Amino acid sequence: MPQMAPLMWLSLFLFFLVIYLFFNIMNYFSFMSSSPSSKNLLNLNKSSLNWKW
C-alpha cells in the first residue's frame with residue numbers, strides 16, 4: 001500500500017541506524033588504549049623537577 005511506504009522507510013532507517021551505532025560502539029570499545037597510568041605520570045613529573053646541580 002502506498003500510504004504505508006513512509007513508515008517502511010522510517011523503520012528501515014531506524015533499523016540501519018541501530019546497526020550502524022552498534023557497529024561503531026563495538027569497534028570503539030574493542031580496542032583498549034595503552035595510556036600510561038596516572039601514578040607513572042606523577043613519578044615522571046616529580047623526577048623531572050629535581051635538578052642535578
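Here is a short tour of the model, stop by stop.

Before you click anything: this is a predicted model, where local features need pLDDT of at least 70, side-chain atom pairs count only at pLDDT 80 or more, and totals for chains, interfaces and linings use all residues. Residues are numbered from 1 along each chain as its sequence is written, and side-chain values use heavy atoms, with hydrogens and water left out.

Start with the whole protein in cartoon view. You'll find 2 helices and 0 strands (DSSP runs: H or I of at least four residues for helices, E of at least two for strands). Of the 53 residues, 0% count as buried, meaning under 20% relative accessible area; exposed is over 50% and partly exposed lies in between.

Next, select residues 6-29. An unreviewed UniProt entry lists them as "transmembrane region", an annotation that may be inferred rather than shown by experiment. The span is 100% helix, and its end C-alpha atoms lie 34 Å apart. Y20 lies in helix α1, residues 5-30.

Now for the rings. How many aromatic pairs does the structure hold? There are 2. Show F15 and F16: their ring centres are 5.4 Å apart and their planes at 70 degrees, so this pair is edge-to-face (centres within 6.5 Å; planes over 60 degrees apart are edge-to-face, under 30 stacked, the rest tilted). F16 counts as exposed at 51% relative accessibility. Then show Y28 and F29, with centres 5.0 Å apart and planes at 80 degrees, so edge-to-face too. Y28 is exposed at 61%, and F29 at 59%.

Note on methods: Phe/Tyr/Trp six-rings, centres within 6.5 Å; stacked < 30°, edge-to-face > 60°. Buried < 20%, exposed > 50% of the residue type's maximum accessible area, 1.4 Å probe, protein only.
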